[in-house]
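Please look at the structure below before reading on.

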Amino acid sequence: MGELTRTGAADLGAAIAAGTVSAEEVTRAHLAQIDAVDGTVHAFLHVAADDAIEQARRVDQRRAAGERLGPLAGVPLALKDVLTWTKAPTTCASKMLEGWVPPYDATVTRKLIDAGIVILGKTNLDEFAMGSSTENSAYGPTRNPWDTDRIPGGSGGGSAAALAAFEAPIAIGTDTGGSIRQPGSVTGTVGVKPTYGGVSRFGLVALASSLDQAGPCARSVLDAALLHEVIGGHDPYDSTSIDAPVPSVVEAARYGDVTGMRIGVVKELGGEGYAAGVEQRFNEAVALLTELGAEVVEVSCPHFGYALPAYYLIQPSETSSNLAKFDSMRYGLRVGDDGSHSAEEVMSLTREAGFGPEVKRRIILGTYALSSGYYDAYYGSAQKVRTLIIDDFTKAFETCDVLVSPTTPTTAFRIGERADDPVAMYKADLCTIPSSLAGNAAASFPVGLAPEDGLPVGLQVMAPPMADDRLYRVGAALERALEDQWGGPIWRALDSVSKGDDPLEPPIRANNSTREGGMA
Amino acid sequence: MSDSVLDYDEVLASFDPVLGLEVHVELNTASKMWCGCATTFGAEPNTQTCPICLGLPGSLPVVNGSAVESAIRIGLALNCSIAQTCRFARKNYFYPDMPKNYQISQYDEPIAYDGWAEVEVDGETYRIEIERAHMEEDTGKSLHVGGATGRIQGADHSLLDYNRAGVPLIEIVTKPIRGTGEKAPQVARAYVAMLRDLLRALGVSDVRMEQGSLRCDANVSLMPKGAVELGTRTETKNVNSLRSVEAAVRYEMTRQAAVLTGGDAVKQETRHWHEDTGITTPGRSKEQAEDYRYFNDPDLVPVAPSRDWVEQLRASLPEPPAERLKRVQAEWEFTDLELRDVVNAGAVDLVEQTVVAGAPAQAARKWWLGELGRRANEAGVELAEVGMTPTQVAQLQALVDAKVINDKLARQVIEGVIAGEGDPQQVVDARGLAVVSDDGALSAAVDEAIAANPEAAAKIRDGNLKVAGALIGPIMKAMKGQADAARVRELIMEKLG
Amino acid sequence: MALSVDEVAALARLARIELSEDERAQLAPQLEVILESVAKVTDVATDDVVPTSHPLPLTNVFRTDEVRPSLPVEAVLAGAPAAEEDRFRVPQILGEEQ
């Protein structure tokens with residue numbers, strides 16, 4: 001293991017660029033960590049060890065040849081198994097795509113490779129990104145490194161757990177209703193959902209096309225910002241991609257000054273159903289923001305209560321259509337092709353065998369919501385609620401630069417605790433869904449451990465579309481102030497929790513620039 | 001067991017036919033609707049596919065701007081309104097030739113709507129109201145293996161080629177066409193022929209029905225005379241030629257009439273036209289009507305053509321067919337009847353091209369409607385496919401005008417050109433069909449004939465000129481037709497005073 | 001908002017999923033509960049509210065009509081469960097093309 005796996009991406013990138021350590025060494029250290037802990041954590045569905053070392057060597061060769069590399073060149077990364085990569089299967093954690101190696105790379109994957117980032121492998125998720133706990137994976141759940149009896153969140157639990165287990169310093173997740181932010185919250189890591197259209201969806205296996213976004217996950221705000229800059233930007237292969245430069249997220253992460261920022265606490269996102277420890281840490285963080293110079297007010301978003309039901313109509317509807325392509329005719333699982341079944345029967349038998357219960361549940365729900373006679377009442381109405389929620393945000397952003405809320409009402413619940421209660425499970429997305437429906441930028445930042453269970457709590461920041469930099473400004477300010485309070489990053493507590501050791505020596509840094517207040 | 005049909009006249013005595021024509025046009029863009037794959041016809045299977053048109057997980061569509069332009073031009077040419085803004089919708093159903101198991105189409109927001117077109121049949125003009133023209137994508141092609149006729153019934157398995165999947169299609173739908181009476185089949189045919197000519201003039205499609213770049217589904221229903229409600233309609237597919245359009249509509253009218261007069265109800269269903277047997281048969285009946293669950297495609301953003309762009313496209317449209325006909329009629333100095341015959345034969349383009357190639361208009365008309373029309377009918381092909389080009393027809397006429405050949409010989413030349421022996425001049429040379437222009441040889445032949453027919457010769461000398469024909473015939477025969485009959489007559493007159 | 005087992009069966013047919021009897025029986029009440037909780041969207045979805053199908057105000061995103069290289073046919077068929085003569089092989093199709 002060693003200190004390399006405790007080092008952040010920015011510092012690793014700088015050390016590799018300075019020649020202090022080779023990219024290969026860094027990759028090997030992380031592969032060793034995966035070997036050591038992933039048997040328990042199960043963050044990865046596929047580790048591309050040979051390819052990763054080759055990628056790392058190529059970065060070392062380029063650096064040796066005098067090439068100027070980007071800030072994350074040679075840094076290893078975990079990729080959620082819902083983005084295509086030609087070097088490994090893309091399974092979406094489903095039996096339907098077991099072993100399917102796509103013939104093309106996602107745009108995000110391309111950008112990572114072009115930046116010299118080393119992809120270690122594909123991480124676990126709830127099947128086809130449907131879920132809030134990663135328990136719906138067809139390949140077994142991922143465990144929360146903070147407490148291996150608990151969920152790491154979902155759908156992107158694998159990516160978040162990989163960070164928290166020090167198997168990678170950065171990861172890519174995807175967020176449709178909270179699948180980056182909620183895992184970030186329950187694993188004490190940073191997870192960002194960019195403005196819808198800010199990151200290309202080409203090569204991202206679609207769940208709900210009008211909601212899906214790939215985004216950066218990391219253990220620090222700056223690392224997330226650097227990764228955001230790599231993957232963001234216009235893509236001519238994605239009609240829904242924004243033709244504008246990536247907002248200045250890295251600058252905001254370095255600067256991190258909230259003086260004079262107007263911060264709105266959303267009244268409707270709190271109270272009953274929210275764990276005491278979650279609310280406590282949230283309120284403390286908000287108080288801290290005031291101390292740091294922000295102006296905090298309460299705002300009301302009266303239609304947010306309708307966001308969850310609207311989401312659970314829109315998402316399944318789009319999903320029921322997006323998942324129709326999985327019919328065994330061209331790729332993937334095929335069941336029943338024994339000469340006695342028609343194509344139609346083989347399609348039905350395959351989909352029955354290949355999809356898990358949650359996927360089937362949502363496909364049937366979505367099929368119902370779109371069917372004739374029901375469209376207006378369900379899908380049509382939900383699209384109207386979407387308008388009302390956008391209006392709530394627009395109104396709130398007239399008086400606020402950002403809005404804040406807890407990321408999710410509770411800390412990590414136990415594996416199996418909500419498995420039989422879909423509606424209870426859906427409630428994990430209460431706070432994250434409104435931003436998804438509106439297409440806003442939103443992120444989760446760790447703000448402490450709940451006193452009652454010692455588990456991480458996340459604070460969600462929401463910003464208007466294209467104002468992703470504001471997220472990083474708030475996140476960086478909080479991070480600096482809290483780490484000062486804690487005497488180090490939040491995961492030091494995890495380290496001592498998981499190993500029972502004394503806190504480690506400070507990790508390697510090439511220089512101290514990332515710890516200063518930036519351009520104050 | 002074939003369905004019974006009612007005699008056509010009886011059908012019309014009791015019923016008014018109502019038509020609805022849905023025409024699908026494959027656009028001739030270089031690349032597909034959502035991706036850069038080529039659209040060339042006849043490529044090796046699955047060599048013109050990519051993650052996008054295969055609908056692979058993670059793939060996304062991006063609209064081909066050229067297809068939008070063609071869609072607008074088609075709409076304008078059909079006098080439609082062009083939408084201020086319109087969206088794409090997903091039509092959800094499962095079928096192996098559709099990689100995503102939904103077709104991206106347009107549902108309640110077509111790019112063009114509320115237009116009209118006119119067609120002429122036997123001197124009467126019919127106005128066809130156009131409901132809409134919208135953009136959608138084509139499916140892949142399936143090959144059914146193991147069955148008797150390559151058709152789906154009885155096949156053992158199927159093979160899918162997705163080269164065609166994602167090719168841009170425009171679907172043009174008429175409003176119900178009423179008041180055509182006994183001409184319904186011809187009106188249907190004339191409409192499709194008009195569309196074909198229009199689309200060809202716009203240059204947006206190859207419009208080859210036999211290749212599938214122009215497809216027609218014919219909806220037919222019957223209203224008992226005096227009824228106010230429309231009857232139940234059937235939709236007939238697999239109508240692969242203009243001929244089939246007319247025949248299928250006529251057949252359906254007679255079949256439905258037999259059903260109705262027998263006291264039964266017409267079943268609303270999709271039927272399949274069989275060119276060989278001249279009947280329609282029902283498709284697979286579905287237990288429930290398919291629910292397509294249309295919703296706006298979230299992977300695509302609205303298409304909102306600016307009014308400037310629309311006007312720019314309108315200004316660049318080719319001449320509308322009706323105006324063009326007026327113009328050519330004046331240029332060619334045709335009577336209304338003569339023009340109508342050319343229009344009905346679908347030969348306006350051909351005549352025009354022949355004239356452009358140098359032939360007099362009347363001559364062009366004579367050849368295309370006469371000898372070539374006869375041959376096309378016999379061979380069962382369209383005039384344009386008869387095997388002779390307008391340029392060649394003009395060359396032929398030039399040879400006639402130069403008296404190199406006469407009319408009779410010209411027919412033999414036509415036979416040679418169609419048989420692939422080359423251009424008219426080449427056929428004349430190869431077959432030795434040139435009219436003998438050597439007066440010496442002609443003179444000798446005339447002398448021979450005069451000598452062989454002394455009574456006729458005597459009568460001519462006496463002034464009975466009509467008898468000359470009795471000499472001309474044998475002379476022409478002796479010359480194997482390769483003589484200019486007029487010159488022969490002249491020579492006879494010269495020699496016999 | 002009662003959803004019968006038959007209705008679930010009909011939806012499963014539309015969605016081409018061969019649900020078992022047990023699954024159908026289990027799904028019906030589950031979906032009912034979900035549908036009840038989502039039904040309240042109709043409370044606020046009044047006629048004057050315009051539906052949003054897209055969070056982005058983009059329009060007219062087009063690409064130029066240019067041919068780009070296709071995938072090699074081996075790559076196209078690489079994941080195919082069955083292939084024959086460079087085509088995807090599928091079992092006997094019962095339904096008709098639309």
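Helices, as named here, are DSSP runs of H or I with at least four residues, and they are numbered from the N terminus. The model is a predicted one.

One such helix is α4(B), which covers residues 242-261 of chain B. Its 20 residues reach 29 Å from the first C-alpha to the last, close to the 28 Å expected at 1.5 Å a residue. Just after α4(B) comes Gly263(B), with a positive phi of about 90 degrees.

The contact between the chains draws on 63 residues of chain B and 35 residues of chain C. About 4,200 Å² is buried between chain C and chain B, and carbon and sulfur atoms give 55% of that area. There are 20 residue pairs in polar contact between chain C and chain B, counting pairs with both residues at pLDDT 80 or more. By contrast, zero salt bridges are found across this interface.

Which elements give two or more residues to the side of chain C that touches chain B? They are listed here.

| Element of chain C | Residues |
|---|---|
| α1(C) | 5-14 |
| β1(C) | 62-63 |
| α4(C) | 73-77 |
| β3(C) | 87-91 |

Of these, β3(C) gives the most, with five residues. By type, the residues on this side of chain C are 14 nonpolar, eight polar and 13 charged.

Four bridges join β3(C) to strand β9 of chain B, residues 157-161, and the two run antiparallel. Within this pairing, Leu160(B) has Phe88(C) as its bridge partner.

Methods. Residues numbered from 1 in each chain as written. Chains lettered and ligands numbered in written order. Predicted model: local features only at pLDDT ≥ 70, side-chain atom pairs only at ≥ 80, totals over all residues. Heavy atoms only, no water. Contact = heavy atoms within 4.5 Å. Buried area = accessible area lost by both parts, 1.4 Å probe. Salt bridge = Lys/Arg side-chain N within 4 Å of Asp/Glu carboxyl O. Polar contact = N/O pair within 3.5 Å; in protein donor to acceptor, adjacent residues only side chain to side chain. Nonpolar A, V, L, I, M, F, W, Y, C, P; charged D, E, K, R; others polar. Pairing = 2+ DSSP bridges. Expected span 1.5 Å × (residues − 1).
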